[in-house]
Amino acid sequence: MKLGGRSLKIVLGVAIVAFGLVRYCGSQEENPYTGRTQAINLSTDEEIAIGLQNAPIMAEQHGGLHPDAQLQEFVDQVGKKLVDNTIARETPYEYEFHLLRDPNTVNAFALPGGQIFITYALMERLDSEDQLAGILGHEIGHVVGRHSAERIAQSELANTVATGAQVGADAGMLASQIGQTLLLKNGRGDELESDDLGVKFMIEAGYNPEALIEVMQILKEASGGQSVPEFQSSHPDPENRIEKIQAAIEKYRLN
Ligand SMILES: [Zn+2]
């Protein structure tokens, strides 16, 4: 049988996609802190370096650090208390907590390796230290869960799949859909895992985990405007998250 140009292209396209999948599946490892198996292509040192490299850039995008030294110190202390009393202290990451000056964007986020940020716009909406602990606990969850590193491995896979799709033209439609679905699905999972870890860390550090539910309500109100908080981004609907947070509180309080 002779392969025509078009069939050859499809075969090649499928081969490239298969190569990407094999590489992706070959990079599976168990996260010792969450017990979850995930595909990672970065070392923890690389994660820390990426975080440190990007921290000043992220800060600049939010008007730099907030000038109030006392408030910075407070954010730092709450973050440190969460790290010191949980599995986070056993990870190789170097946690640093930053209050950003940005008075408009309601947001909090974590870079790989331990650089964690909260904007003043979100900070000023909080009524308690426990609520701040809920946000920082959730962000520490992203770091411990290695979500950024996992995303990077996924986007490598998605790029390979897209290349295969371009080569294979016809087979491409299906292949690129697989890549997209995978990314979305894991984004949702990231938020839920971080909520779960956030609750666990709060309880271990002596904070009231119900405050994370209050945070969800604060974010829901805040999203009445145009700004879309990271906590809600394109992910699970807040009601669903509240239910899961409640379940996590019951689960970890029993232990
Ligand atoms: Zn998050």
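I call a crossing left-handed if the near helix is turned anticlockwise from the far one by less than a right angle, and right-handed if clockwise. The model I consulted is predicted, so local features need pLDDT of at least 70 and side-chain atom pairs pLDDT 80 or more, while totals for chains, interfaces and linings use all residues. I number residues from 1 along each chain as its sequence is written, and side-chain values use heavy atoms, without hydrogens or water.

**Helix 3 and helix 5**

I took helices as DSSP runs (H or I, at least four residues) numbered from the N terminus. I found the crossing of helix 3 and helix 5 to be right-handed. I noted the residues in contact (heavy atoms within 4.5 Å): among them are Phe-74, Val-78 and Leu-82 of helix 3, and Leu-132, Leu-136 and Ile-140 of helix 5.

**Aromatic pairs**

I looked up ring pairs of Phe, Tyr and Trp (its six-membered ring), with centres within 6.5 Å; planes under 30 degrees apart are stacked, over 60 edge-to-face and the rest tilted. I found two such pairs in the structure. Tyr-93 and Tyr-95 are edge-to-face, at 6.5 Å centre to centre with 85 degrees between the planes. Phe-109 and Phe-117 are stacked, at 5.0 Å and 25 degrees. I recorded both Phe-109 and Phe-117 as buried, a term for under 20% relative accessible area, against over 50% for exposed and partly exposed in between (1.4 Å probe, protein chains only).

**Arg-146**

I located Arg-146 in the loop between helix 5 (129-144) and helix 6 (147-168). Its phi is near 55 degrees, a positive value.

Terms used:
Helices (H or I, at least four residues) and strands (E, at least two) are DSSP runs, numbered from the N terminus.
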